[in-house]
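Have the sequence and the coordinates open side by side. The paragraphs below go through a pair of packed helices, a single helix and a chain interface.

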Amino acid sequence: MLARLGLPLSLLLLAALASLVIAMGVGSAQISPAQIWQVLMGDSVQGQGDALARTMVIELRLPRALSAFAVGGLLAVAGALMQVLLRNPLADPYVLGLSGGASIGALAAMLGGLGGLAISGSAFGGALLSTFLVFGLAHGSGGWTPSRLLLTGVVVAAGWGAVITLMLALSPAERLPGMLYWLMGDLSYARTPWPPLLLLLATCVVLIPLGRSLNVLARGPQQAAALGVAVRPLEWCIYIAASLLTAAAVTTAGSIGFVGLVVPHMLRLLLGNDQRLILPACALAGGTLLVLADTLARTMIAPEQLPVGVITALLGVPTFLFLLYRSR
Amino acid sequence: MSVLATRNLIIDVPGREGGTQLNITIEPGQVWGVLGPNGAGKTTLLHTLAGLQAPRSGSVQLNDSALGQLRRRHVAQCLGLVFQDRQDGFPATVLETALIGRHPYLSPWQMEGAEDYARAEAALERLDVAHLRDRLVSTLSGGERQRVAIATVLTQAPNVWLADEPTNHLDLHHQSAVMALMAEQAIQGQAVIMCLHDLNLAARWCDHVLLLYPNGEACWGSRDNMLVPSALEDLYRQKLAVVEVDGAPVFVPIKG
């Protein structure tokens, strides 16, 4: 049993480490893995070149790579959780209108000429507002059901979409590029990687003991209740966790599409449906995917940068379609 | 000692006023059949007995404590439910499906061990689906899925079996095999309550019968007192002929 979990997770961990090494090495100046090792180990600096390499790795590339990893992991785990909660394989972290709410918050801050932290804070506020709005509306006078939650989320997201278009149409031209980049997802805003990274780690630790309950819940609430799962508390827990994870990811890097839908799906096709394996695997694979995508985004047309969301979609769509085509 | 009892229970069927208060006591080793026409509330009764649905009034006692006060996990260690319909959102294999029957017994950090696997495989063997262990449940026939669902509850090994039409989709041989399994559970000291549409299965395998009428009225008692042709004709609004085969009455619907 442990071996069944251990092998895929170790392979994914290796891939994650490799992606981080690539992200640190590739860019305007190439840095060899040996140099990266020296820098990370804090070996003595010899000469001018190494000092530059140190600055580049420690201050620029490593924080950005770790941010990308954290955001990718958060989105993939949030997507996997939403799929279990809604028992719908098409659910993604944004299905309940979270990214729309966050986008409105961020765009409003940008329109107001605010920068940095204010944009992040405003985005986080918008995400939470959207979460409560969707949940409150779906709850209504009776209880919520997955299909009701899904429909409410889709409609609210469409509403946010209209507001976003309106804001873009009314914005002065010089602010548009920044706003568009934010909407497509962009890691150049990411500052310190630690808050999202710690959140990702903490979530994984909390989710491991819940894994088997999630497996049972995936078979329907009544079956889960008959097998001893406290369904409503667990569903609340998933909903809050997924919303928090997505809000943290959106706040760090804008709304990056596709990771949250495709990574859990790919892993389910490859590894089966045991959430105890899928959730940590999502954290690793989602992180790896976004690190690689971000590395491409900042090197493909260097010194210009592409929004990373474009890359995730361009990489994700064909890979996903291929896997789906090959699957049973 | 009763394992399951109801006190002045009225189940919550939407749009139905009143009805008979159920005061039923189910003892270990008994096999109860719940009979009634479509929409009489058989499934609602079973779900209420399992604590999945709140009663309109009255209460259910499991091992002499109020069901509503018990933790779900504890309830699931005593009471297993075979559902009439199942939804599978995500694909799972037959063995994985049977293994979730062990969920109530494992602590959050525990993985399924060799003993859990042995129980699940024995249950699959008993229901004649062991050869399908690695197949996806979604690729099975209706009858095979029904047997996998029963195997899951057998893996759960509850003291009280609640089975909602356990012979649904099954061929004649497997109908008999499943009823024999229920009887065997009762002989081992478990209590079995099942909703049935087949009067003849009830006549052959149940020792107690509950008749549930569409207006909420109900009566219950030993099989021989309940399976009276005139009462059954009234229950189903269907004329019946009765013949005796192999020591048990056989009810056949007739014209008119």
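In this predicted model, helix 5 and helix 10 of chain A cross in a right-handed sense. Helix 5 spans residues 117-139 and helix 10 spans residues 231-253; their axes come within 9 Å and cross at roughly 150°. Angles over 145 degrees count as roughly antiparallel, so helix 5 and helix 10 of chain A are roughly antiparallel to each other. On the side of helix 5 of chain A, the contact is made by Ser120(A), Ala123(A), Phe124(A), Ala127(A), Leu128(A) and Thr131(A). Helix 10 of chain A contributes Ser243(A), Thr246(A), Ala247(A), Val250(A) and Thr251(A). By class, the residues of this contact are 6 nonpolar and 5 polar, with no charged residue. An α-helix has 3.6 residues a turn, so residues three or four places apart point the same way.

Next comes helix 11 of chain A, residues 259-271. Its 13 residues reach 17 Å from first C-alpha to last, close to the 18 Å expected at 1.5 Å a residue. Helix 11 of chain A is mostly covered, with 10 of its 13 residues buried. Among the buried residues are Val259(A), Pro264(A), His265(A) and Arg268(A). Just after helix 11 of chain A, Gly272(A) takes a positive phi of about 90°.

The last topic is the interface. The contact takes 20 residues from chain A and 22 residues from chain B. Helix 8 (194-217) and helix 9 (221-226) of chain A each supply at least two residues of the side of chain A that touches chain B. The largest share of that side, 5 residues, comes from helix 8 of chain A. The side of chain A that touches chain B has 11 nonpolar, 6 polar and 3 charged residues.

Conventions: Residues numbered from 1 in each chain as written. Chains lettered and ligands numbered in written order. Predicted model: local features only at pLDDT ≥ 70, side-chain atom pairs only at ≥ 80, totals over all residues. Helix = DSSP H or I, 4+ residues; strand = E, 2+ residues; numbered from the N terminus. Expected span 1.5 Å × (residues − 1). Buried ≥ 20, exposed ≤ 12 C-beta atoms within 10 Å, placed from the backbone. Axes fitted to C-alpha atoms, helices over the stretch in contact; angles between N-to-C directions. Parallel < 35°, antiparallel > 145°, perpendicular 65-115°, else oblique. Left-handed = near helix turned anticlockwise from the far one by under 90°. Contact = placed C-beta atoms within 7 Å. Nonpolar A, V, L, I, M, F, W, Y, C, P; charged D, E, K, R; others polar.
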